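This briefing reviews selected features of a predicted model.

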Amino acid sequence: MRIAVASGKGGTGKTTVATSLALCLAANGGSALSPAGPPLLLDCDVEAPNAHLFLRPSWEAVWPVGIPVPQIDPAGCTACGRCAEVCAFNALAILGSGVQVFPELCHGCGSCTLACPEGVITEVVRPIGVLRRGTAQQGIDFGHGELSIGEPMAVPVIRELKRQVNARPGQVVILDAPPGTSCPVVEAVRGSDFLLLVTEPTPFGLHDLRLAVEVGHALGLPMGAVINRDGIGDDSVTRFCENKGIPVLMRIPFERAIARDSALGRTLLETHPEYAPRFRELAGDILRQVEGAR
Amino acid sequence: MKQLVILSGKGGTGKTSLTAALAHLAHDGPCGVPLALVDADVDAAILDLVLAPTRLEEHDFVGGDTARIDSDGCDACGLCLEVCRFEAIRQTGRHFEVDPMACEGCGACFHQCPAQAIRMQPRVVGRWFRSESRYGPLIHAALFPAGENSGKLVTLVRQQARCLALDRECPGILIDGPPGIGCPVISAATGADLALVVTEPTAAGMHDLERILGTTQHFAIPTWVVLNKADLVPEVSAQVMDTCQRKGIEIVGRIPFDEAVTQAMVRGEPVTAFDRRAPSSLAILQIWQRIVAGLFGGSIDTRVERLDRRERA
């Protein structure tokens, strides 16, 4: 089972929920909630990865991730311009009697390599970030990607994280998605069985929740909501969820103590163990919805 | 013309609340400056919730191309599936189709298809608007959910805002940026005269602050930091201040945690308009005065001075 945790608006508590859900599943490893033992948590917010600050994994491997960009052998190149013609991203241009490559514009699609009539294009990986894999407390498997500073493309890092850090058979995977509703979120959430939306009861939270729900619908995913900082703002988020038939699976009240502990990099379950049964219920509700949807 | 961009790295630190309050002060405050406003957080555009704009113009935004397989012409050779690196081709028996959400628009399948059964079609992935808000002209946009190419849309709204500001003789542009450090952020920030980075005293906020400061430094954008919810966790606030000091970056304001900010948001108003004596409003007024002095008037900040000299030279 793959559970994606997303929100639309940033800073609503995605990582708070994802990390505590992971801890809860680890504590219930072997039970029906998490039959294959502790879960795998993938932090897909590669622009601002934070889950490791809470779960403090010991890293076992770190390796570069990149985009395969064309390299042209000038000896065989006739400067026919076919590569520049097929490139949809203007990453190749004919300058004088040769081809100029603009690696930072390249999406790594390989279209130029396929199109070159002389077969003189090879590809070299241009690193744009790193992936890390490790083990966190209670045996949680942990993976994250980190986009390098100054690099624009988050999507390839997310894609490779999901391809290269694999779950054991039957292992529950929790995907901590980036904020927003555009391509990085879609890349993180695609292929999941359930979309858990963490929101806050404010007009800003509602606006972005509405967009996130549309992403969930477009991907055909069952959804549920967690309302964080409950008590601030108004009840418009609750009414929206009722109207849309999205179950509110958990409410976390706004308390300075919770905010403070989270600020210090401590998980909700660690500092407020009274939430353990509620996270168990949350995991059970998700499991039932996923099975119901199948 | 000066461009001020509000950034954060981590989401939810208070970018939009601060932008709205600055827009209000620029319009109605004691040291007003007519600004053109831009919401560059195009996949979660919420500035209009507090600026109450009237839309004057509405335009489609074409993101990029999407491949489409014409099933009549397709002879089911499967080459498209083989060449696509984005898992965007789906096969059901002898039927092949494109998943538009996964399609990168690269055209590899289009160029390789031996039956020429694939077409590339431009796809409208959002809309952008020219509006008049209660605090000045606003250029904003809405990328459709699951849309792509947010960086290109950000560039477009910034260009439109520049034209508008020249037209209306606004001395400045105020840009509400997206979270993160990737493509829409780079598009929102490059070429800005000043980046105001809003952070909060949390472990996650600190971590992401370092990454966004690295990004503004990479693109040589003069940067100030605003510490929001500054009194919530004093020991982490002290760490944020140390980090900034070490990097030689000035903390230009400290906004206390203040429930008036949420109350104002619920009312659809900037906090400075909702309650100008609220602790957060007073802190934001001081930040605005620093911006006026540093960016629009007598330069009191050395970084901006340096920038002015560079512009003159």
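Helix 1 of chain A is mostly covered, since 13 of its 14 residues are buried. In this predicted model, the helix reaches 20 Å from its first C-alpha to its last, close to the 20 Å expected at 1.5 Å a residue. The points below extend from this helix to the rest of chain A, and then to chain B.

- The loop between helix 1 (14–27) and strand 2 (40–43) of chain A contains A:N28.
- A:N28 is itself buried, as its relative accessible area is 16%; the cut-off for buried is under 20%.
- Beyond its neighbours within four places in sequence, A:N28 is in contact with A:L33, A:S34 and A:R280.

**Chain A as a whole**

- Chain A comprises eleven helices and eleven strands.
- The C-alpha trace of chain A spans about 70 × 40 × 40 Å along its principal axes.
- Of the 294 residues in chain A, 59% count as buried.
- For contacts in chain A between residues at least 6 apart in sequence, 74% join residues at least 24 apart.
- Chain A has an accessible surface of about 10800 Å², and carbon and sulfur atoms account for 51% of that surface.

- In helix 8 (residues 236–244) of chain A, the buried residues are A:S236, A:V237, A:T238, A:F240 and A:C241.
- The cover over these buried residues of helix 8 includes strand 9 (194–199), helix 7 (203–218), strand 10 (223–230) and strand 11 (248–253) of chain A.
- A:G245 follows helix 8 of chain A and has a positive phi, near 70°.
- Helix 9 (residues 256–263) of chain A has A:I258, A:D261 and A:A263 among its buried residues.
- The buried residues of helix 9 of chain A pack against elements of both chains: strand 11 and helix 10 (268–271) of chain A, together with helix 7 and helix 8 (234–247) of chain B.

- In chain B, nine strands form an open sheet with mixed pairing, in the order 3-6-7-2-8-1-9-10-11.
- Strand 3 (54–69) and strand 11 (250–254) of chain B are the edge strands, each pairing on one side only.
- On average, and with direction ignored, neighbouring strands of this sheet are turned by 20° against each other.
- Strands of a sheet pair through backbone hydrogen bonds, in either a parallel or an antiparallel sense.
- Strand 9 (residues 194–199) and strand 10 (residues 223–227) of chain B pair in the parallel sense, over five bridges.
- B:L196 stands opposite B:W224, which belongs to strand 10 of chain B.
- Strand 10 of chain B is mostly covered, with five of its five residues buried.
- Side chains of a regular strand alternate between the two faces of the sheet.
- From strand 10 of chain B, B:T223, B:V225 and B:L227 point one way, whereas B:W224 and B:V226 point the other way, and all are buried.

**Helices lying across the sheet of chain B**

- Helix 1 (residues 15–28) of chain B lies across strand 1 (2–7), strand 2 (35–39), strand 7 (136–143), strand 8 (172–176), strand 9 and strand 10 of chain B.
- This helix 1 of chain B runs at about 160° to strand 8 of chain B.
- Helix 7 (residues 203–218) of chain B lies across strand 1, strand 9 and strand 10 of chain B, and runs at about 170° to strand 9 of chain B.

**Cysteines**

- Over all chains, the structure holds zero disulfides.
- B:C106 is in no disulfide, and the nearest cysteine sulfur, that of A:C109, is 4.0 Å away; a disulfide would require the two sulfur atoms to be within 2.5 Å.
- B:C106 is buried, at a relative accessible area of 10%.
- B:C163 is partly exposed, at a relative accessible area of 49%.

Definitions and conventions. Residues numbered from 1 in each chain as written. Chains lettered and ligands numbered in written order. Predicted model: local features only at pLDDT ≥ 70, side-chain atom pairs only at ≥ 80, totals over all residues. Heavy atoms only, no water. Helix = DSSP H or I, 4+ residues; strand = E, 2+ residues; numbered from the N terminus. Buried < 20%, exposed > 50% of the residue type's maximum accessible area, 1.4 Å probe, protein only. Contact = heavy atoms within 4.5 Å. Pairing = 2+ DSSP bridges. Axes fitted to C-alpha atoms, helices over the stretch in contact; angles between N-to-C directions. Expected span 1.5 Å × (residues − 1). Areas by Shrake-Rupley, 256 points an atom, 1.4 Å probe, with all protein chains shown as cover.
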